[in-house]
Amino acid sequence: MNLSSLNFFRNLRSDNKQFAVIGLGRFGRAVCDTLHGLGYEVLAIDVDEKKVTQAVSEQFAAHALQLDTTEPAAIQQAGMTDFDTVIVAIGNFLSESIITTLNLKEAGVKHVVAKASSEIHMKMLKKVGADHVVFPEREMGCALARTITTPSILDRFELDPEHSIVETIVPPNFHGKTIGELELRNRYGLNVLAVSQDEKFEINPPANRRLLGGTVMVVIGSNKSIDRLRP
């Protein structure tokens, strides 16, 4: 997550209970289903009548509407400007995705999240005003590559392209040593934020905290430094 993404999420209203999702493919449907399950009101939109009917019959959205969002008038008539956040999940249809995003921003929708299917698609979406662009295929690919090459890392939160916070298994060579003895900051360029203890986490552990191999610790640092933790 970069700084522009952080600003986008800061601007989202915490009391926003209404979302519109345009495009009911696998990604759009998953977004609808999850938001609906969390108790939010979701308007599901697609140009395909069958997908709209499915949204109604399977009840993964509060409301569903067949609409061609490449037509600016249709967006106004559907009341899309009443939604604080609209997710454009069209993805695989570049022109429809870009035109829809442009129409939404020109209509005055405050927050538009758009799905990209390629790097050039991502750049074009940003140029027409998308507030936040997601690239699920790339993100999943990166996550898979990290998982199979660093199986000791259980979870990762990217601060920027070069730095992360990770939840990782304590390497065998750290077993029985204290944080101070390991000199993680000087030798590895890492800071320990938490360590697991009796199925809970101890936050900001002291330097004399002894680590046990196979337990979990949370560290922050550069990705290069984190990679050095591989067993």
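Helices here are DSSP runs of H or I with at least four residues, numbered from the N terminus. With that in hand, let's work through this predicted model.

**Exercise 1.** Find which helices supply at least two residues each of the lining of the second largest pocket, and which one supplies the largest share.

*Solution.* Start with the space itself: the second largest pocket holds about 520 Å³. Its lining counts 25 residues, and G23, G25, A89, I90 and F93 are those nearest the centre. Next, look at the elements: α2 (26–37), α5 (94–107) and α7 (136–149) each give at least two lining residues. The largest share, 3 residues, belongs to α7. Finally, sort the lining by class: 10 residues are nonpolar, 7 polar and 8 charged.

**Exercise 2.** Classify the geometry of the aromatic pair F19 and Y40, and say where each residue sits.

*Solution.* The model has 2 aromatic pairs. In the pair of F19 and Y40, the centres are 5.4 Å apart and the planes stand at 85 degrees, making it edge-to-face. F19 belongs to strand β1 (residues 18–22), while Y40 is in the loop between α2 and β2 (41–46), 21 residues away. Now check burial, with under 20% as the cut-off for buried: F19 has 12% relative accessibility, so F19 is buried. Y40 has 24%, so Y40 is partly exposed.

**Exercise 3.** Explain why the pair of F174 and Y188 is edge-to-face.

*Solution.* The ring centres of F174 and Y188 are 5.7 Å apart; edge-to-face needs planes over 60 degrees apart, and these are at 75 degrees, so the pair qualifies. F174 lies in the loop between β8 (163–169) and α8 (179–182), and Y188 in helix α9 (residues 184–188), so parts 14 residues apart in sequence are tied together. As for burial, F174 is buried at 2% relative accessibility, and Y188 is buried at 12%.

Technical notes:
Residues numbered from 1 in each chain as written. Predicted model: local features only at pLDDT ≥ 70, side-chain atom pairs only at ≥ 80, totals over all residues. Heavy atoms only, no water. 1 Å grid on protein atoms, 1.4 Å probe; cavity = no way out; pocket = protein on both sides within 12 Å on 5 of 7 lines; lining within 4 Å. Points joined across faces, edges and corners; volume = space filled by probe spheres on them. Nonpolar A, V, L, I, M, F, W, Y, C, P; charged D, E, K, R; others polar. Phe/Tyr/Trp six-rings, centres within 6.5 Å; stacked < 30°, edge-to-face > 60°. Buried < 20%, exposed > 50% of the residue type's maximum accessible area, 1.4 Å probe, protein only.
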